[in-house]
Amino acid sequence: MAIARAVELGVAVAGVFAAFGAFAVAQEDVYKRTYGDGRFAATFFVLACERAVNCAFALLGLILVGGSGVVVPRRDVLSSGASQMLAMAASNEALRYVSYPTQVLGKSCKMVPVVVGGLVLGGRTFTASQYMSTAFITIGVVVFNLGADARRASGVDSAYGLTLIGVSLVMDAITGGLQDRVKRSTKALNQGRANARPSVYESMLYTNLSGAVVAVGFALVTRQMETGLRACLEHAELARAVLVYSFASAIGQNFIYYTITNFDVLVLTTVTTTRKIFSTVYSVFRDPSNELNRTQWFGCSLVFTFLALDAVTSSLRSGVARKTADVTKSAPSKSQKALDSASSTTIRRRSARRAS
């Protein structure tokens with residue numbers, strides 16, 4: 001069982017890395033290239049397109065595969081989608097007011113608010129090894145990103161931009177807590193069914209539906225819906241890049257919601273937080289000219305060490321849990337012992353009567 005679960009998680013992680021590797025390339029095509037007189041800046045328009053495509057994929061998946069048949073806590077799922085979109089919107093908007101290293105530093109700390117959200121909103125408990133892994137993986141990612149981006153233009157970090165980063169982290173905490181609450185609410189609404197949970201496509205549809213509403217709202221208020229549509233109509237290459245960006249996101253989200261549904265929110269956050277490091281290390285092996293400096297290698301060593309530690313401790317906990325369950329099943333209960341004792345006494349009395 002443990003090996004099967006490890007293989008299952010490995011496939012999910014590989015899917016996330018591959019899909020969002022393509023997503024990152026398309027993202028550069030959208031934001032880094034020059035279209036007409038300048039670069040494309042309608043972020044909320046792109047987010048609205050991405051969420052709409054995700055909804056279409058999820059709806060198609062529901063039609064082809066079907067739902068879970070359980071009562072889904074739609075309000076909690078919709079709320080998590082809205083808070084997730086607010087986190088993305090605040091993080092993207094912050095780039096206009098703070099330096100890139102400052103924004104990356106905020107994104108690197110995402111695991112911490114997810115743990116806090118799980119404690120406060122999700123009613124979860126974490127082990128000492130999970131706290132330790134969260135702390136050191138976060139430190140490793142921060143060191144890696146600062147080492148990579150230290151030479152970028154620093155600029156001036158405005159108070160408004162720092163506030164947006166704070167809002168993004170708070171929304172990450174709320175999202176993590178709400179995603180944990182979805183699992184608890186589903187069990188409470190389906191008490192007669194063991195392992196009740198929404199399907200991958202149910203989670204994907206409701207989460208992206210509320211996210212799309214939020215993104216469209218921001219796009220309309222900031223007039224980016226109008227400017228984004230005009231730019232895509234004028235530049236076919238931009239329209240193609242936005243479509244690739246959205247489709248790569250939809251494919252990646254299949255793996256993301258599979259991981260949320262079948263594993264754990266903290267596991268998913270660990271995967272998405274460390275994806276950049278794995279991608280960068282892969283690029284070094286593929287092209288040695290993309291070498292890492294000592295600071296980045298130190299950050300990598302911290303991340304890999306504590307990812308391995310977390311995998312080992314999780315495996316040990318699973319083994320202990322299975323042994324405890326086996327012992328519990330094989331050991332007779334107190335009531336069973338009492339019944340056996342009473343039965344033995346009855347048999348002895350009957351034997352004594354027959355003998356007399």
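In which helix is the place of Thr 175? Thr 175 sits in helix H7, residues 159–189. This is a predicted model: local features need pLDDT of at least 70, side-chain atom pairs count only at pLDDT 80 or more, and totals for chains, interfaces and linings use all residues. Residues are numbered from 1 along each chain as its sequence is written, and side-chain values use heavy atoms, with hydrogens and water left out.

**View 1. Thr 175 and its contacts.** Thr 175 counts as buried, at 7% relative accessibility. (Buried means under 20% relative accessible area, exposed over 50%, partly exposed in between, with a 1.4 Å probe and protein chains only.) Leaving out residues up to four places away in sequence, Thr 175 touches Ser 80, Ser 83 and Gln 84. Contact means heavy atoms within 4.5 Å.

**View 2. Helix H3, residues 74–94.** Helices are DSSP runs of H or I with at least four residues, and strands are E runs of at least two; both are numbered from the N terminus. H3 has 21 residues. From first C-alpha to last, H3 reaches 30 Å, close to the 30 Å expected at 1.5 Å a residue. The expected span is 1.5 Å times one less than the number of residues. Buried residues of H3 include Ser 80, Ser 83 and Glu 93.

**View 3. Phe 40 and Phe 45.** The structure holds three aromatic pairs. The ring centres of Phe 40 and Phe 45 lie 6.4 Å apart and their planes meet at 75°, so this pair is edge-to-face. (Rings of Phe, Tyr and Trp, taking the six-membered ring of Trp, pair if their centres lie within 6.5 Å; planes under 30 degrees apart count as stacked, over 60 as edge-to-face and the rest as tilted.) Phe 40 and Phe 45 are buried.

**View 4. Phe 57 and Phe 247.** Here the ring centres are 5.5 Å apart and the planes are at 80°, so the pair is edge-to-face. The pair links distant parts of the chain, 190 residues apart: Phe 57 is in H2 and Phe 247 in H10. Phe 57 is partly exposed at 26% relative accessibility. Phe 247 is partly exposed too, at 39%.

**View 5. The largest nonpolar core.** The core has 43 residues. (A nonpolar core is a set of buried Ala, Val, Leu, Ile, Met, Phe, Trp, Tyr and Cys residues joined through side-chain atoms within 4.5 Å.) Val 30, Phe 40, Val 46, Leu 238 and Tyr 245 touch the most other members. Among the elements that give two or more residues are H1, H2 and H10.
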